[in-house]
Amino acid sequence: MEERYHLMKNLRKIRRFLQLSQAEFSKEVGISKSTLQEIEKGNGATLDTLMCIADYMNISVAALLSDPDKIENTLLAVQFLERGVLYTRLPVENRKNFLRETREILDALEDAWLRAESAPPEETSGGKAAD
């Protein structure tokens, strides 16, 4: 139930962030306007619809269902990292949160890469991983 509320709030924030109407956003994402309207009313969405939206935004489905207070920073971080959008457009009081959350994302990525690099190679037997 909480995820539906988060999704509803996050989609509205995403559209406002992109400055798109429901019609424009649904066309860009590749879903019907009526589907978007239903989601924004809190009626949920199919996994395929969630994946279309997440792929379009270049964020995870989990981010769409997460705390609505963090979605804007996630969107800014993606644009900042991919497109060079400057965070100076943020109000001064939000810059510190944006940078902290972006740093947390980058630290998590670095930790995952380090664990992957230091993990022993999987032993195989006949092309299958050993038990």
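A residue counts as buried when its relative accessible area is under 20%. In this predicted model, Asn 10 has a relative accessible area of 0% and is therefore buried. Asn 10 belongs to helix α1, which covers residues 2–18. Beyond its neighbours within four places in sequence, Asn 10 contacts Ala 63, Leu 64, Leu 65, Ser 66, Asp 67, Pro 68 and Ile 71.

Two salt bridges are present in the structure. In one of them, the side chains of Arg 15 and Glu 40 come together with an N to O distance of 2.6 Å. Because Arg 15 sits in helix α1 and Glu 40 in helix α3 (residues 33–40), this pair ties together parts that are 25 residues apart in sequence. Both Arg 15 and Glu 40 are buried. A salt bridge also links Lys 41 and Glu 38, whose closest N and O atoms are 3.6 Å apart. Here Lys 41 is exposed, at 58% relative accessible area, while Glu 38 is partly exposed, at 35% relative accessibility.

Helices α2 (residues 22–29) and α4 (residues 47–57) have axes that come within 9 Å and cross at roughly 90 degrees; the two helices are therefore roughly perpendicular to each other. Phe 25, Glu 28 and Val 29 of α2 meet Cys 52, Ile 53, Tyr 56 and Met 57 of α4. This contact comprises six nonpolar residues, no polar residues and one charged residue.

Helix α7 comprises 27 residues (residues 92–118). At 1.5 Å a residue, α7 should span 39 Å, which agrees with the 40 Å between its end C-alpha atoms. The buried residues of α7 are Phe 98, Glu 101 and Thr 102.

Methods. Residues are numbered from 1 along each chain as its sequence is written. This is a predicted model: local features need pLDDT of at least 70, side-chain atom pairs count only at pLDDT 80 or more; totals for chains, interfaces and linings use all residues. Side-chain values use heavy atoms; hydrogens and water are left out. Helices (H or I, at least four residues) and strands (E, at least two) are DSSP runs, numbered from the N terminus. Buried means under 20% relative accessible area, exposed over 50%, partly exposed in between (1.4 Å probe, protein chains only). Contact means heavy atoms within 4.5 Å. The expected span of a helix is 1.5 Å times one less than its number of residues. Axes are lines fitted to C-alpha atoms, for helices over the stretch in contact, and angles run from 0 to 180 degrees between N-to-C directions. Angles under 35 degrees count as roughly parallel, over 145 as roughly antiparallel, 65 to 115 as roughly perpendicular and the rest as oblique. Ala, Val, Leu, Ile, Met, Phe, Trp, Tyr, Cys and Pro count as nonpolar, Asp, Glu, Lys and Arg as charged, and the others, Gly among them, as polar. A salt bridge is a side-chain nitrogen of Lys or Arg within 4 Å of a carboxyl oxygen of Asp or Glu.
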